[in-house]
Amino acid sequence: MDPLDSVAPSVALDRLLRMIGSVGTETLQRPTPRELAGRVLAEPLVLDRDSPACDVSAMDGFAVRMAEIAAGPLPVGGECRIGTAPPRLAAGIALRIYTGSPIPAGADTVVPLELVKETDGTVLLHAVDSLTAGANLRRQGENARCGAQVIPVGTMISPAAMTALAAVGPPTVAVYRRLRLAILTTGDELVSGPTISHGTTLTRWQLRDSNGPALEALFGTASWIGTVTRGHVLDTLAGLSDAIRAASAEADALVLTGGVSKGAYDHVPAAVLAAGGEGVFHRLNARPGRPTFAAVIDGKPIIGLPGNPLAVLTSGRRIVTPALRQRAGFSACDPPSPTVELVEWSGKSLPLTWWRPVTLIGPGHATLADLRGSGDTCGPASSDGFIEAPPNSDKAGIYGYYSWMI
Ligand SMILES: Nc1nc2c(c(=O)[nH]1)N[C@H]1C(S)=C(S)[C@@H](COP(=O)(O)OP(=O)(O)OC[C@H]3O[C@@H](n4cnc5c(N)ncnc54)[C@H](O)[C@@H]3O)O[C@H]1N2
Ligand code: MOO
């Protein structure tokens, strides 16, 4: 089979991801949380000591020997302060203790305050049956042992990952460099510029570039993308291949829109190949976004999205996003999507994957956006994302869901 033939999106993506290399790494010295949040780890996080580092109490109460407290009241002989070395628990006494305080040597149980009656400096367990020896202790190393790998390479530093990272507190952290993404829009009919306010006087045959700004909205807020540059090129093979050569030399990834279909001025695939690109696929068994074209140059993804605005959004989200994640060092480039229940199906069934914009209407429930087709710049505007309906789908039900916000 010609590798550029039409393929299912999952097959195309798989092929593309295998040909993309990741960007280089940098080592951050004593990074702040803001510098690290959302970056992609380039080295595993390894524990430098047991977690927790000593036995600690899980409750506010009293550290005791279970057999002694079960037998009768105990005098309170002191306390275990949080953050300091604990005293020893002498025989026949209880020590006041707090959540997170180290467990004193000799204690085997923590009795929570709610289970004791405290009078005249003694504590009496009033619900013996509701406590077992060993209760309310967090054992040294029970979360993980010193030397354990807690976060693998290629993980984005989420709030949960930050908890583990900050608890270890390494002086340096290696992360992948943030991506430099280049966007090139193409088309003689377009008026384009850095702001969205360009082209105040258009003929009816012209239109404002909406694909470039849409791609900036899709990728520009990602924590692992550093810079996004955007340019516009007219529909000539020579002009396009020069622009592609320059952009792919500067950037870590290049996304184009328009010029990938069958028309006389659809030069993008040929221009990418002329600029040294190795073709990976051209045409997906999916809609909107059918004529999507992908190539690589030196492990960098060069993706030609169709010009139709909805195709840019769907194929951009479903194909370009995983490709950029691969380049950015993620280990999970195309993580499993959440699902939503589509409450009502409308329209025919298609023998190909159908990406259909939806609006969320409640937890896990979605409804189809009202739109005319892949050239509609209005209908999808208030949708939240899209469902991926497998070939021949024709009914309401559970579908994979992709949010516009990556
Ligand atoms: N004979 C065939 N014609 C078409 C086919 C086909 O298989 N055979 N595929 C159709 C499909 S599906 C799509 S999708 C489009 C994709 O076409 P191109 O990628 O070549 O895109 P253009 O022709 O350059 O533009 C299409 C459409 O999009 C508008 N456009 C382009 N860029 C922008 C932009 N930056 N901002 C806003 N709008 C943009 C452009 O003005 C056109 O209206 O091809 C079908 N045709
Ligand atoms: O694949 Mo195209 O975007 O349907 O018009």
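A residue counts as near a ligand when its C-beta atom, placed from the backbone, lies within 6 Å of that molecule. The views below come from a predicted model, in which local features need pLDDT of at least 70, side-chain atom pairs count only at pLDDT 80 or more, and totals for chains, interfaces and linings use all residues. Residues are numbered from 1 along each chain as its sequence is written, while chains are lettered from A and ligands numbered from 1 in the order in which they are written.

**View 1. The surroundings of ligand 1.** Here you can find the 27 residues that surround ligand 1, the closest being N211, G258, S261, P306 and G307. Two helices, α5 (211–219) and α8 (309–327), each give at least two residues to this shell; helices are DSSP runs of H or I with at least four residues, strands are E runs with at least two, and both are numbered from the N terminus. By class, the shell holds eight nonpolar, 14 polar and five charged residues. Nonpolar here means Ala, Val, Leu, Ile, Met, Phe, Trp, Tyr, Cys and Pro, charged means Asp, Glu, Lys and Arg, and the others, Gly among them, are polar.

View 2. Look here for R287, P288, G289, R290, P306, N308, A311 and S374, the residues around ligand 2. This shell splits into three nonpolar, three polar and two charged residues.

**View 3. K262 and its loop.** K262 sits in the loop between β17 (253–257) and α7 (268–274). This lysine is exposed because 6 other C-beta atoms lie within 10 Å; a residue is exposed with 12 or fewer such atoms, buried with 20 or more, and partly exposed in between, with C-beta atoms placed from the backbone. P291 is 29 residues from K262 along the chain, and their C-alpha atoms are 8.8 Å apart.

**View 4. The annotated stretch 182–326.** An unreviewed UniProt entry carries the annotation "domain: MoaB/Mog" for residues 182–326. UniProt positions follow the numbering used here, feature names are shortened, and annotations may be inferred rather than shown by experiment. Over this stretch the chain is 33% helix and 28% strand, with the end C-alpha atoms 16 Å apart.

**View 5. Domain 1 and domain 3.** An automatic or database assignment sets the domain bounds, and among the domains are domain 1 (9–24 + 178–327) and domain 3 (57–138). Their C-alpha centres lie 65 Å apart. For context, the C-alpha atoms of the chain fill a box of roughly 95 × 50 × 50 Å along the principal axes.
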